[in-house]
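Topics are grouped below the structure.

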Amino acid sequence: MRRRPGPSTRLKLALSYAGFLFVAGALLLAVVWMFLLRYVPDNSQGLLGVSPNRYLLVRTFAPAAAAAMLFLLVFGLLGGWVLAGRMLRPLTRIADAARTAGKGSLSHRIRMEGRQDEFRELADTFDSMLEQLESHVAEQQRFAANASHELRTPLAISRTLLDVALKEPARDHHELIERLSVVNARAIDLTEALLLLSRGDRGNFTRESVDLSLIAEEAAETLLPLAEQRRITLDVSGDVTGGAARTTGSPELLLRMVTNLVQNAVVHNLPAGGTVTVHTEAYGDTSVLRVENTGSVLPAELVTTLTEPFRRGTDRVRTDEHAGVGLGLAIVHSIVRAHDGTLDLVPRPAGGLRVTVRLPAES
């Protein structure tokens with residue numbers, strides 16, 4: 001936005017300092033006149049015939065007062081200019097850092113020294129903002145690179161299969177078509193996951209009243225055949241008091257959130273005989289969804305990375321038809337964040353993972 005040039009803040013502060021000093025001097029002279037000179041007799045004899053009269057005092061005092069006022073004005077301007085420069089020096093450093101960040105360099109930090117005051121608080125806040133921006137930009141760059149890599153893989157496989165079909169026209173293409181269908185389905189799933197992740201990050205959805213217990217039952221019913229196929233016991237329970245865990249949000253996104261959590265718990269479980277427990281409850285002004293599963297023991301450093309896009313722990317990678325694209329928990333995290341909630345992932349001591357989602361209760 002282009003603005004017309006105007007006086008600098010330093011000049012304005014200097015003029016303000018000089019103006020205040022000049023007004024203070026004028027008030028002091030007015031006090032002298034009102035409470036001293038006005039009581040001096042204005043006659044040729046003066047006070048008791050020996051003191052000077054008002055006329056002589058005014059003629060003597062006026063030039064000195066004018067010189068003093070001129071000195072106060074000049075001193076106020078110069079002193080105000082110097083003081084304003086010293087006071088605004090931290091703001092200049094902050095402005096320089098902002099211009100540097102505007103050019104794309106987010107690694108610069110102000111790190112202003114000295115005791116805490118308003119400018120140093122502003123500088124520290126700006127440094128914290130730059131750190132978060134740098135982390136966010138780096139995360140977005142990694143996400144873009146990983147998304148490009150993930151999308152390139154099925155496209156490259158499709159191209160290879162098509163090249164084989166062109167080079168060997170006499171070959172039975174039934175197997176090639178089946179493999180192309182699988183690869184194409186994976187690419188579509190990945191694209192839909194990316195779109196859903198983007199929608200959750202934007203947070204532009206209509207909020208409605210949602211009961212997490214009903215959402216959990218719907219997701220469990222959908223995934224029950226998968227759990228039975230893997231011989232996993234799927235248990236859905238609500239609050240023992242019978243209260244509904246109600247919140248406000250998008251029913252579609254919340255259903256996808258619960259479905260991803262339950263599917264993740266079923267797929268990353270024991271080979272057989274494992275369990276998945278889905279529990280909902282209302283606790284004060286918070287609606288809670290908790291999903292626990294059995295499985296192998298997970299190191300804490302692995303759990304902290306599971307919500308990052310395309311991050312897959314080596315102990316949790318599947319090679320069957322339910323192999324994910326590394327966006328399941330990232331989508332969950334995005335949806336929870338868009339609904340002003342919190343997501344906690346804790347490894348169970350006996351193995352498996354406990355995922356707790358806390359959302360604001362419906363008011």
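The bend at a residue is the angle between two fitted axes, one through the seven residues ending there and one through the seven starting there. In H5, a kink of about 50 degrees lies at Leu223, shortly before the proline Pro225. The model is predicted, so local features need pLDDT of at least 70 and side-chain atom pairs count only at pLDDT 80 or more, while totals for chains, interfaces and linings use all residues. Residues are numbered from 1 along each chain as its sequence is written, and side-chain values use heavy atoms, with hydrogens and water left out. Helices (H or I, at least four residues) and strands (E, at least two) are DSSP runs numbered from the N terminus.

**Sheet**

- An open sheet is formed by 5 strands in the order E2-E4-E5-E7-E6, with mixed pairing; two strands pair if DSSP finds at least two bridges between them.
- E2 and E6 stand at the edges with a single partner strand each, so one side of each has no neighbour in the sheet.
- Neighbouring strands of this sheet are turned by 10 degrees against each other on average, direction ignored.
- E2 pairs with strand E4 (residues 275-283) in the parallel sense over 5 bridges, and Leu234 has Val276 in E4 as its bridge partner.
- Strands of a sheet pair through backbone hydrogen bonds, either parallel or antiparallel.

**Helix H5**

- H5 packs on the sheet and touches E2, E4, strand E5 (286-293) and strand E7 (353-360); contact means heavy atoms within 4.5 Å.
- The direction of H5 makes about 170 degrees with that of E2, where axes are lines fitted to C-alpha atoms, for helices over the stretch in contact, and angles run from 0 to 180 degrees between N-to-C directions.
- The 18 residues of H5 should span 26 Å at 1.5 Å a residue, and its end C-alpha atoms are 26 Å apart, which agrees; the expected span is 1.5 Å times one less than the number of residues.
- Buried residues in H5 include Leu223, the site of the kink, as well as Leu212, Ile215 and Leu226; buried means under 20% relative accessible area, exposed over 50%, and partly exposed in between (1.4 Å probe, protein chains only).

**Helix H6**

- H6 lies across E2, E4, E5 and E7 and runs at about 25 degrees to E5.
- Helix H6 (residues 251-267) has 17 residues that should span 24 Å, and its end C-alpha atoms are 24 Å apart, in agreement.
- Of the 17 residues of H6, 12 are buried, so the helix is largely enclosed by the rest of the structure; among them are Leu253, Met257, Asn260, Asn264 and Val267.

**Positive phi in loops**

- Most residues other than glycine have a negative phi.
- Arg231, in the loop between helix H5 (212-229) and strand E2 (233-237), has a positive phi near 55 degrees and is exposed at 59% relative accessibility.
- Asp340, in the loop between helix H8 (328-338) and strand E6 (342-347), has a positive phi of about 60 degrees and is exposed with a relative accessible area of 59%.

**Aromatic pair**

- Rings of Phe, Tyr and Trp (its six-membered ring) pair if their centres lie within 6.5 Å; planes under 30 degrees apart count as stacked, over 60 as edge-to-face and the rest as tilted.
- The count by this rule is 1 aromatic pair.
- Phe71 and Phe75 form this stacked pair, at 5.8 Å centre to centre with 20 degrees between the planes.
- Both lie in helix H2 (residues 54-102), 4 residues apart, about one turn of the helix.
- Phe71 counts as exposed at 53% relative accessibility.
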